[in-house]
Amino acid sequence: MLETKNYKFWFCTGSQDLYGDECLRKVADHSAKMVEGLNASGKLPYEVVLKPTLISQASIRKTLNDANADDDCAGVITWMHTFSPAKMWILGLKEYRKPLLHLHTQFNEELPYDTIDMDFMNENQSAHGDREYGHIVSRMGIERKIVVGHWEDPAVQEKIGSWMRTAIGVIESSHIRVCRFGDNMNNVAVTEGDKVEAQIKFGWEIDHYNINDVVEYVNAVPQGDISALTDEYYSKYGIILDGRDPAEFRKHVEVQAAQEIGIEKFLVENNYQAVVTHFGMLGGMKQLPGLAIQRLMEKGYGFGAEGDWKVAAMVRLMKIMTQGIEGAKGTSMMEDYTYNLVPGKQGILQAHMLEVCPSVAEGPVNIRVCPLSMGNREDPARLIFTAKTGPAVATSLIDLGNRFRLIINAVECKKVEKPMPNLPVGTAFWEPKPNLAVGAEAWILAGGAHHTAFSYDLTVDQMVDWAACMGIEAVVIDENTNIRDFKNELRWNSIAYK
Ligand code: MN
């Protein structure tokens with residue numbers, strides 16, 4: 001995975017000076033214990049850092065602006081231990097630009113029945129203070145996540161951890177630079193889009209090069225490096241010769257090894273984290289990069305085929321959001337290819353010409369060299385495998401001309417009934433929620449593409465929250481989707497998002 005920062009989240013407790021020093025000492029003590037507990041929970045992917053209790057407009061404004069300026073701070077978690085008059089928060093919130101979590105909790109889990117008195121009530125009133133604070137955030141129209149419950153509850157901690165990954169996606173979005181070799185495939189509509197608007201909304205820098213700019217890098221890779229990487233492939237993956245001569249087969253694989261090294265060098269030197277290719281625009285490339293791109297995706301680069309820069313950026317984004325997840329199941333570009341329409345066994349076979357990320361693989365990963373049915377180059381080497389089972393999300397970011405829409409489909413990945421020995425590509429097979437008929441109808445109504453950015457390791461809610469922070473429309477297709485309501489949602493959204 002490409003390196004990202006060691007991000008931290010600031011924990012800001014709100015109060016006021018009405019209660020006296022003794023009370024504020026308790027507030028600070030409770031906050032410290034909570035931050036310590038959250039960090040020790042093992043549920044948070046990033047560290048929480050305690051900030052001094054905020055009791056005035058000046059301290060709120062300064063702290064939130066410090067958070068803006070601190071490159072390591074990926075977001076702020078706010079909590080009103082006591083009552084914090086919310087007009088104090090207006091200027092700070094107005095100037096704050098990073099992801100915001102409102103943790104609606106309190107220090108004690110249970111009412112202290114035997115000892116509770118009015119002092120206790122006044123000192124532990126987040127039920128009261130968090131409503132005052134929430135009011136001003138809503139009135140100001142600021143996007144934030146609200147998590148409700150006791151801070152020691154593992155479910156609450158998991159929600160905070162999940163939001164942290166969304167926040168990283170928000171912060172890192174503006175660090176994504178996409179390298180396009182060639183333009184989008186001619187005549188294709190859904191891979192098009194407004195790159196200026198994408199930079200305004202998401203911060204993505206989307207540049208263009210001639211494919212021969214990188215061919216020079218590929219051709220300059222020393223044979224020793226090519227041999228060493230090819231040896232690594234041979235030790236790591238199975239080899240399926242399909243009756244080809246072993247020496248000729250290896251030559252085909254070496255072309256991909258040179259491409260992996262050359263393309264990555266180009267991306268590193270020019271600071272790109274995502275890349276697109278186009279099978280119809282290969283210049284001096286001997287093969288369409290297949291295995292090479294699969295390996296780069298596995299390392300953490302985003303990828304989109306046929307010039308699809310939106311998918312390339314989304315795959316990169318989702319890889320960043322899932323960074324460091326223990327037992328991660330994988331994130332990849334996918335393409336809706338062909339259906340199984342047998343009742344009770346319905347689903348969509350997912351693949352691409354070559355470029356599916358092996359991070360999603362389960363079982364053996366093998367190399368094959370096969371002809372491409374499109375283009376006019378050598379038979380490319382590629383990794384083939386089948387993908388894992390279980391729940392996942394498939395997303396499609398589309399440009400509707402006046403706005404972006406993110407379509408988010410909950411899907412259930414399954415094994416296909418029988419092996420497909422003649423299919424020379426990595427595949428997944430999934431049934432969209434709530435079922436194929438409704439899921440596919442809703443997807444098509446929403447204008448979703450055939451290319452998707454797909455992950456087993458993210459939830460629908462994380463993607464919805466990301467879209468909300470980006471200020472774009474998101475529609476969800478999941479177990480609660482029905483077509484009548486979905487059509488109305490699209491109709492209403494066309495008014496709400498302009
Ligand atoms: Mn495609």
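Biologist: Which helices supply at least two residues each to the lining of the largest pocket?
Modeller: In this predicted model, helix H6 (154–173) and helix H14 (460–470) each do that.

Biologist: How many residues line the largest pocket, and which lie nearest its centre?
Modeller: The lining has 21 residues. Nearest the centre of the pocket are Arg97, Lys98, Pro99, Val170 and Ile171.

Biologist: And how does the lining divide into nonpolar, polar and charged?
Modeller: There are 12 nonpolar residues, 4 polar ones and 5 charged ones.

Biologist: How much space lies in that pocket?
Modeller: About 500 Å³.

Biologist: How does one find empty space in the first place?
Modeller: A probe the size of a water molecule is rolled over the atoms, and that shows where space is left empty.

Biologist: Strands now. In which sense do S11 and S18 pair, parallel or antiparallel?
Modeller: Strand S11 (residues 331–340) pairs with strand S18 (residues 451–455) in the antiparallel sense, over 5 bridges. As an example, Met333 stands opposite Ala453 in S18.

Biologist: What about S11 and S12?
Modeller: Those two are also joined by 5 bridges, and the sense is antiparallel. S12 covers residues 347–351. Thr338 has Leu349 in S12 as its bridge partner.

Biologist: How many residues sit between the strands in the hairpin of S11 and S12?
Modeller: There are 6. In that hairpin Gly344 takes a positive phi near 85°.

Biologist: Which way do side chains point along a regular strand?
Modeller: They alternate between the two faces of the sheet.

Biologist: Over how many bridges do S6 and S9 pair?
Modeller: Strand S6 (residues 177–181) and strand S9 (residues 274–276) pair over 3 bridges, in the parallel sense. Arg180 stands opposite Val276 in S9.

Biologist: Back to helices. At what angle do H10 and H11 pack?
Modeller: Helix H10 (residues 246–269) and helix H11 (residues 291–299) pack at about 45°, and their axes are 8 Å apart.

Biologist: Is the crossing of H10 and H11 left-handed or right-handed?
Modeller: Right-handed.

How values were computed: Residues numbered from 1 in each chain as written. Predicted model: local features only at pLDDT ≥ 70, side-chain atom pairs only at ≥ 80, totals over all residues. Heavy atoms only, no water. 1 Å grid on protein atoms, 1.4 Å probe; cavity = no way out; pocket = protein on both sides within 12 Å on 5 of 7 lines; lining within 4 Å. Points joined across faces, edges and corners; volume = space filled by probe spheres on them. Helix = DSSP H or I, 4+ residues; strand = E, 2+ residues; numbered from the N terminus. Nonpolar A, V, L, I, M, F, W, Y, C, P; charged D, E, K, R; others polar. Pairing = 2+ DSSP bridges. Axes fitted to C-alpha atoms, helices over the stretch in contact; angles between N-to-C directions. Left-handed = near helix turned anticlockwise from the far one by under 90°.
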